Amino acid sequence: MDNYEGAWETEQPPPGEDKFTKSVKQSSAAMPSSAYLGVAAGAMMLSLICQLTGRSKWGNFIDQWVPVWLVIGVYNKLTKFEDHDPTDRGHNRGYRS
């Protein structure tokens, strides 16, 4: 049993987030989550307008932006909900240090 518990102490902690990921997370968290939903809704409306005015290729192109903005909004919510880098908070996931 002692050998099994000692194996946990030899593991290296997971690497932290790099500078680029942290900067994306900080800039994403600066915008309110409803802004991403608003941009997605605006893209839907602009796509509908393009479709109704006969510019269906532009309408299809703009319509493809909607899921992108919704996924970015979900990412924004997740980064606000839980801070993804446990090494920044000092948590060691229950392991002895």
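**Figure 1. The chain follows the pattern α-α-α-α-α-α in this predicted model.** Six helices are present. The protein chain has 97 residues, of which 16% count as buried. Among contacts with a separation of 6 or more, 65% join residues 24 or more positions apart.

**Figure 2. Helix α3 crosses helix α4.** Helix α3 covers residues 33-52, and helix α4 covers residues 56-63. Their axes come within 7 Å. The crossing angle is roughly 165°. An angle over 145 degrees counts as roughly antiparallel, so α3 is roughly antiparallel to α4. The handedness of this crossing is left-handed.

**Figure 3. Residues at the contact of α3 with α4.** From α3, the contributors are Ala 43, Leu 46, Ser 47, Cys 50 and Gln 51. From α4 come Ser 56, Trp 58, Gly 59, Asn 60, Ile 62 and Asp 63. Sorted by class, the contact of α3 with α4 holds five nonpolar residues, five polar residues and one charged residue.

**Figure 4. Phe 61 in helix α4.** Phe 61 has a relative accessible area of 44%. That value makes Phe 61 partly exposed, because this class lies between the 20% limit for buried and the 50% limit for exposed. The view also includes Ala 43, which is 18 residues from Phe 61 along the chain. The C-alpha atoms of Phe 61 and Ala 43 are 9.9 Å apart. Ala 43 is one of the α3 residues that make the contact with α4.

**Figure 5. Asn 76 and the residues it touches.** Asn 76 sits in helix α5, which spans residues 65-81. The relative accessible area of Asn 76 is 0%. Buried means under 20%, so Asn 76 is buried. Leaving aside residues up to four places away in sequence, Asn 76 touches Ser 28, Ala 29, Met 31, Pro 32, Ser 33 and Tyr 36. Of these partners, Ser 28 and Ala 29 fall within the residue range 19-30 of helix α2. Ser 33 and Tyr 36 fall within the range 33-52 of helix α3.

**Figure 6. Ser 23 and the backbone of Phe 20.** Ser 23 belongs to helix α2, residues 19-30. With a relative accessible area of 36%, Ser 23 is partly exposed. The side chain of Ser 23 reaches the backbone oxygen of Phe 20. The distance is 2.7 Å.

Methods. Residues are numbered from 1 along each chain as its sequence is written. This is a predicted model: local features need pLDDT of at least 70, side-chain atom pairs count only at pLDDT 80 or more; totals for chains, interfaces and linings use all residues. Side-chain values use heavy atoms; hydrogens and water are left out. Axes are lines fitted to C-alpha atoms, for helices over the stretch in contact, and angles run from 0 to 180 degrees between N-to-C directions. Helices (H or I, at least four residues) and strands (E, at least two) are DSSP runs, numbered from the N terminus. Angles under 35 degrees count as roughly parallel, over 145 as roughly antiparallel, 65 to 115 as roughly perpendicular and the rest as oblique. A crossing is left-handed if the near helix is turned anticlockwise from the far one by less than a right angle, and right-handed if clockwise. Contact means heavy atoms within 4.5 Å. Ala, Val, Leu, Ile, Met, Phe, Trp, Tyr, Cys and Pro count as nonpolar, Asp, Glu, Lys and Arg as charged, and the others, Gly among them, as polar. Buried means under 20% relative accessible area, exposed over 50%, partly exposed in between (1.4 Å probe, protein chains only). A polar contact is a pair of N or O atoms within 3.5 Å; within protein, one must be able to donate a hydrogen and the other to accept it, and residues adjacent in sequence count only if both atoms are side-chain atoms.
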